[in-house]
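Open the model in your viewer and keep the selection tool at hand. The stops follow below.

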Amino acid sequence: MGKLTIFTIGFELGNDTTAINGMKNCATSAAHFYQASGTGIGDAFKSISTSIRKLRLTQ
């Protein structure tokens, strides 16, 4: 079985550090957590998509 990578997006969390830290802890690493608001969520999904494609090419 392969390695599982978990990405999380905290949408409209503002400065809620408890929620932000919780989302970071659920992700594979802090680098796999994205904080987004409004239309910025599209950028988060685009970044995740790029990361997944890179992972697929290197494995």
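Start with S1, helix H1 (residues 17–26) and S2: together they form a right-handed β-α-β unit. Right-handed means that, with the strands pointing away from the viewer, the path from the first strand over the helix to the second runs clockwise. Helices (H or I, at least four residues) and strands (E, at least two) are DSSP runs, numbered from the N terminus. This is a predicted model: local features need pLDDT of at least 70, side-chain atom pairs count only at pLDDT 80 or more, and totals for chains, interfaces and linings use all residues. Residues are numbered from 1 along each chain as its sequence is written, and side-chain values use heavy atoms, with hydrogens and water left out.

Next, select S1 (residues 8–11) with S2. The two strands run parallel, joined by four bridges; DSSP must find at least two for strands to pair. Phe 11 stands opposite Ala 36 in S2.

Move to Thr 8, in strand S1. Thr 8 is buried (under 20% relative accessible area; exposed is over 50%, partly exposed in between; 1.4 Å probe, protein chains only), at 9%. Its side chain reaches the backbone oxygen of Met 23 at 3.0 Å.

Now pick Ile 9, Tyr 34, Ala 36, Ala 44 and Ile 48. These five residues are the largest nonpolar core, a set of buried Ala, Val, Leu, Ile, Met, Phe, Trp, Tyr and Cys residues joined through side-chain atoms within 4.5 Å. Strand S2 (33–36) and helix H2 (41–58) each give two or more residues to this core.

Finish at Gly 40, in the loop between S2 and H2. Gly 40 is partly exposed, at 26% relative accessible area. Its C-alpha atom is 9.1 Å from that of Phe 11, 29 residues apart along the chain.

Technical notes. A polar contact is a pair of N or O atoms within 3.5 Å; within protein, one must be able to donate a hydrogen and the other to accept it, and residues adjacent in sequence count only if both atoms are side-chain atoms.
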